[in-house]
Amino acid sequence: MKVHYGTALAAVALVAVHILMRLTQGFAESLEFENVLANYKFIPYAAMLELILILLSIHGFNGLRVILLELKQGRTYEKAVSYGCLAAMIGLIAYGSRTIIMTNMGMV
Amino acid sequence: MAQVSSIADEQTSTPLSSSKSITLKIARYNPEHDESSKFMEFSIPYEKWTTVLEAILEVKKHFDHSVAVRYSCRQATCGSCGMIINGKPRLACFTKISELNSDIVTVEPMNNFPIIRDLAVKFERLFDSHQKIKPYLIRDDSELEADAKEFLQSPQELEQYIQFANCIKCGLCNSACPTMATDSSFVGPQALAQAYRYVADSRDKGKDSRLKIIDDSHGIWRCHFAGSCSQVCPKGVDPAMGIQLLRGYLLGFRS
């Protein structure tokens with residue numbers, strides 16, 4: 001559960017930085033296609049996005065796992081939920097990382 | 001359903017002859033025969049000091065001796081007569097009818113406990129959870145081998161856990177707990193409060209083993225801090241606070 005608390009606190013800090021970055025330029029302007037691509041190509045920012053992706057995926061899927069474990073109990077069910085959430089988390093991180101890497105390398 | 005307007009003129013251990021009366025609704029359910037619980041109503045006279053347990057015992061004595069209820073000390077010490085009284089978990093012997101401010105008193109078995117019959121519930125899960133957290137002092141040495149015959153504590157050290165030592169294992173906190181209602185493996189506020197009672201005891205050396213037991217997927221982290229356990233405790237124990245303090249140990253804020 002320390003992982004759950006830790007990822008939550010770290011995500012709050014990094015998402016705050018992420019939102020504050022929108023304010024360094026006009027909000028609408030910051031979301032224009034070229035500017036978004038530029039953000040992804042800036043390595044430190046892309047690394048931060050990757051970190052947010054990992055933190056929120058761990059936190060979110062662990063939270064979902066806990067909710068599902070509380071709804072129903074049983075050895076088989078609990079194993080299925082835990083491994084299912086782990087697989088979904090890895091899948092989401094892999095897909096998100098692919099997007100970040102491809103954009104960073106100019107493949108989009 | 002049996003509707004009776006007055007009690008018979010029989011001698012009772014606690015004579016109830018007041019002109020005031022309430023309707024006592026008792027949940028009746030036998031898992032072996034019944035599909036669902038039904039309420040039976042009885043009109044019971046009461047005095048200012050009459051407790052809900054005394055009213056139930058009046059029913060057993062004069063109307064229906066088959067009503068199943070567990071009780072013993074009648075003074076909120078044994079923790080046997082926990083039940084839902086007008087929707088709230090309470091001890092029947094510790095709840096006066098006059099303080100309920102209602103003409104109808106409804107008694108049901110405690111939530112989150114399997115029903116044996118009527119108002120009597122099984123305590124196995126509570127006792128198993130209680131036993132699981134090792135509710136005794138763990139030490140490497142023994143007072144029998146040492147010269148000293150007792151492990152001394154300062155008043156400040158005693159203050160750390162003394163309220164949690166008042167637990168009478170009545171199960172009202174577990175009955176009020178919303179997590180207990182959904183998670184059949186949850187260790188429960190009673191056992192967690194007792195885990196804190198021993199972890200916080202300066203004489204105890206079993207902190208690490210106890211924290212390991214409660215740091216489980218159905219352990220301390222399943223508590224959502226609804227706080228209902230602390231609201232219903234008849235002995236003034238605050239299990240919700242004990243759980244938060246235990247979390248402090250697990251997160252490294254306390255040692």
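The legends below describe close-up views of a predicted model.

View 1. Leu9(A) belongs to helix H1, which covers residues 2–22 of chain A. Because 12 C-beta neighbours are found inside 10 Å, Leu9(A) is classed as exposed. Leu9(A) and Leu55(A) are 46 residues apart along the chain, and 9.5 Å separates their C-alpha atoms.

**View 2. Helix H5 of chain A and the residue Gly106(A).** Helix H5 of chain A runs over residues 75–104 and contains 30 residues. From the first C-alpha to the last, H5(A) reaches 43 Å, close to the 44 Å expected at 1.5 Å a residue. Gly106(A) follows H5(A) and has a positive phi, near 75°.

**View 3. The contact between chain B and chain A.** Six residues of chain A are in contact with nine residues of chain B. On the side of chain B that touches chain A, five residues are polar, two are nonpolar and two are charged.

**View 4. The strand pairings of E1 in chain B.** The secondary structure of chain B comprises nine helices and seven strands. Strand E1 (residues 21–28) of chain B runs antiparallel to strand E2 (residues 38–45) of chain B, and eight bridges join them. Within this pairing, Ser21(B) has Pro45(B) in E2(B) as its bridge partner. E1(B) also pairs with strand E5 (residues 104–108) of chain B, here in the parallel sense and over four bridges. In E5(B), Val105(B) stands opposite Leu24(B).

**View 5. The two domains of chain B and their contact.** The domain assignment divides chain B into domain 1 (21–121) and domain 2 (124–250). The centres of domain 1 and domain 2 of chain B, taken over C-alpha atoms, are separated by 29 Å. Contact between them involves 14 residues of domain 1 of chain B and 13 residues of domain 2 of chain B. On the side of domain 1 of chain B that touches domain 2 of chain B, strand E4 (residues 88–91) of chain B gives the most, with four residues. The residues of this side of domain 1 of chain B comprise seven nonpolar, five polar and two charged.

**View 6. The largest nonpolar core and the residues around Leu192(B).** In chain B, which has 255 residues, 38% count as buried. Of the contacts in chain B with a separation of 6 or more, 69% are between residues 24 or more positions apart. The largest nonpolar core has 60 residues, and Ile56(B) and Leu192(B) have the most contacts inside it. Helix H6 (residues 189–199) of chain B supplies the largest share of this core, with seven residues. At least three residues of the core come from each of domain 1 (21–121) and domain 2 (124–250) of chain B. Beyond its neighbours within four places in sequence, Leu192(B) is in contact with Val187(B), Ile214(B), Ile220(B), Pro239(B), Gly242(B), Ile243(B) and Leu246(B). Another core, of six residues, lies apart from the largest one and includes Ala11(A), Leu55(A), Leu56(A) and Ile58(A). In soluble globular proteins, nonpolar side chains tend to be buried together.

Key. Residues numbered from 1 in each chain as written. Chains lettered and ligands numbered in written order. Predicted model: local features only at pLDDT ≥ 70, side-chain atom pairs only at ≥ 80, totals over all residues. Domains from an automatic or database assignment. Contact = placed C-beta atoms within 7 Å. Helix = DSSP H or I, 4+ residues; strand = E, 2+ residues; numbered from the N terminus. Nonpolar A, V, L, I, M, F, W, Y, C, P; charged D, E, K, R; others polar. Expected span 1.5 Å × (residues − 1). Pairing = 2+ DSSP bridges. Buried ≥ 20, exposed ≤ 12 C-beta atoms within 10 Å, placed from the backbone. Core = buried A, V, L, I, M, F, W, Y, C linked by C-beta atoms within 7 Å.
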